[in-house]
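Me: Can you walk me through this one? I'd like to start with a sheet.

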Amino acid sequence: MEQPPSISLYERTEDDTSALGDGIAKLSVDQIDDHPTEVSLFDEEEEEEKVSESKTSKYAYSENANLAEENDLLKKQKKKHVEPKKFELRPYQLELAERALRGDNCVIIAPTGSGKTHVAIRIIQHHLEKLERGKKIVFIVDKNNLANQQSERIEEYLKCRLKVISGDIQREVECVQDWDSLLPHYDVFVSTAQMLLNAINDPEQNVCLESFCLFIFDECHHCGRKHPFQRIVDKYVDTRLDRNGDKSRLPQVVGFTASLGVGKVNALDNAVEHLKTFLAIMDADCLVTVQRNKQDLATHVNNPKQYIVSVPGRRIDDFGTRIKILMSRTEDYLVYTGVGTVDRIAIRPPSIKGDIQYTSWLEGTLRKAQAKLQDPDMARTLFTIRQLLEIYNNALIHYTHARAIDALNFIKDEVEKFPNISKYTEIERKVKSVLEDEYMTLEASALDHGRTSENPLLEKLKEIIISTYAEEPNMRAIVFVRTRIMTECLVNWMEDTEELQHIKAQKYTGAKASISEGGMERHEQVSALELFRDGEYKVIMATTVAEEGLDIKECNLVVRYDYAGSPVAMMQARGRGRAKNSRFYILASADKCVAEKEQANVTIEPLMEAAMKQLQRLIELDSYTFQVQKQGCQRQMKRERELETYQQQSKVTVPNYSIYNLSCLKCNAFLCTSNDIRKILNHHYGCIRQDLKYRVVCTRFDQPKYPGEDIEMGVGRVDCSGRGCGVKLGTIALYEGIYFPILNIKALKIAKGTMKGDTLKKWGMVEKYFTVQDMTEYDMEYLSKSDRLIEWAN
């Protein structure tokens, strides 16, 4: 095996990193929890995309737009000459479609692989046959990668004017047109929920609920608090309640899912209440499952055999021990930063390293305490210590799931991103020398299997893949992992493992992150799946983005690799095993209680089945009472929404124009004031202070990371030049011909007068201190006549 190159602490790369963001919507009677309970620093579902779909520039496109659009047009021209396939629903599928074909709002629950999309197509077909004048149909999906897949299925069986609208397509393929200009030309839309919500909320677009006759929500279990699914149905329910229950001019609502879960309850009555609340949210009159044709369903739906395998830790763990010693030695220098004087907890790190608790201490306690330090040298010293501890902690997490060499390479790559500067504090030099002293020993430990055992998780995964391949050489396997970086680690591991080299593997990750952060472009996703279907690749290492909707009928092996999730997520992942005699493995570290959590998920399934049956009986016996209870629940939720809106508006109507200083979190160097920040396109926070350019270094990239007509993001990067700091402060955007520094709030310290200082995770949280004004025409006119805001260093 090739040895890693020696490490350098003082080299710098231009790798662009992004902040983490929010992303998990939860709901239990009021909030449905259909997402994993564990959180990781590198959680795929939690990472904030640089240009969020909710704020996608109206005319976003990539440099390959013309070619991609040309290819799409060619595909559409070919499809025009192909007659749609004829299809007949199986008896159980006809049963699932009955209530929807009668016009009822309903939630349809059926196992993965049962052909729910065919049922949806039949409902769409029914609406097309009786399409009201001017009314349109929308098939609503949660993720971008599902939009194309579902549209292809619809076009395969129905001859209709269909348009796909998703963030990926708008960014990479074509310019976005307003929905009101598209509505006259298409009958069926396949859209991500956020794109539809944007259109409904945009007063400039003539789009309203009455524009549509049918909403189909794919994977409707995502309909949770603040999720775009729920925000759409909230508008629907509020409109109906305002009309005294009349929904004659509103679209029919149909939801599809394999499981609704039961929230966080474990009693039957509470589970039933949970389902009632969900039906109220969806304004569903009934919960539809297969009852008369269960035998037919069992005949056609494959149910993978499930195995939960608890895997012990490494027998010999020298590398892990040395990483922990390295962390402890680094922690010892915290007392020299003075951070204990502003927060005593900050110098008491958690005893267990390489887990969520330690990550929270780094990102929360230590980072907050750093903002309170007044001495610039102490602040930058603490910043460096926290940065190194974060690298070591994440390397330890990687080491738990992958090889020692993967963790070592991660440390090397991250440290090489450190600014190349000459001025260091004495403590910084000592902290960095700790790693330099230990690196050769770490390297030797990583490469010597006598000192560090192979990862038992990898050994078990190898055993499963090899045995499956021996039984079925034409196998297809999907291995679900928690992070993008882990997909690359496992692909590299298979390529480096002699027994697995003949079984080709490929990664499959989301398209929201940049390529440098492990993301994939849409065409790369499509290509990866095609090669997987064709058997060119036998194994896909995928993040949770592929847990839902990925339909590969040849797939006979699914593995969830050492992370626990909700019962719904478990069922969705298991459902990717479509082939006969397929298997579903959950590999779980014995020391992380993953196996116990997944076993608990298994026990939830019977409770969910019992709750659904009981609710169906209640509705059948007394539909009137159910409708009364449903409307009562809806009115209560509407009042809560109105109260929340009122409270938000109250904050907005009294803007806080207090002026705060914004400084570099690492070195305390002043950058600008809160009055110098402007919101661009309601999302990007740009600095308009003319003399900022003398406090920063701006580096231009060869091409923007996120091109667009309205705004180009990632044109370059901004680094602090104060006191030889060199830390990354943000990126650069090109807007209306002006280059704006877009500062990352996580890199800033907020202070005013005697206030000790604070740091926040996202710009939306600054309202507790000050109000950021929108960019105005006056601002743009003034800036166009002034000196430019940045000076390029290259």
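Reply: One term to begin with: two strands pair if DSSP finds at least two bridges between them. Also, this is a predicted model.

Me: Okay. What is the strand order in the open sheet of six strands?
Reply: The order is 8-13-12-9-11-10, and the pairing is parallel.

Me: Which are the edge strands?
Reply: Strand 8, residues 305-311, and strand 10, residues 505-508. Each of them pairs on one side only.

Me: How much are neighbouring strands turned against each other?
Reply: By 20° on average, ignoring direction.

Me: Back to strand 8. How many bridges does it share with strand 13?
Reply: Seven, in the parallel sense. Strand 13 covers residues 583-589. Take Val-311: its bridge partner in strand 13 is Ser-589.

Me: New topic, helix 8. How far does it reach?
Reply: Helix 8 runs over residues 228-242, 15 residues in total. From first C-alpha to last, it reaches 21 Å, close to the 21 Å expected.

Me: Is helix 8 mostly covered or mostly open?
Reply: Mostly covered: 11 of its 15 residues are buried. Among them are Phe-229, Ile-232 and Leu-241.

Me: What follows helix 8?
Reply: Asn-244, with a positive phi near 60°.

Me: Last one. Where does Gly-722 lie?
Reply: Gly-722 is in the loop between strand 19 (711-720) and strand 20 (728-735).

Me: Why does Gly-722 count as buried?
Reply: Because its relative accessibility is 15%, and buried means under 20%.

Me: What does Gly-722 touch?
Reply: Leaving out residues up to four places away in sequence, Gly-722 touches Cys-667, Ala-669 and Arg-695. The C-alpha atoms of Gly-722 and Leu-671 are 9.1 Å apart, with the two residues 51 apart along the chain.

Technical notes. Residues numbered from 1 in each chain as written. Predicted model: local features only at pLDDT ≥ 70, side-chain atom pairs only at ≥ 80, totals over all residues. Heavy atoms only, no water. Helix = DSSP H or I, 4+ residues; strand = E, 2+ residues; numbered from the N terminus. Axes fitted to C-alpha atoms, helices over the stretch in contact; angles between N-to-C directions. Expected span 1.5 Å × (residues − 1). Buried < 20%, exposed > 50% of the residue type's maximum accessible area, 1.4 Å probe, protein only. Contact = heavy atoms within 4.5 Å.
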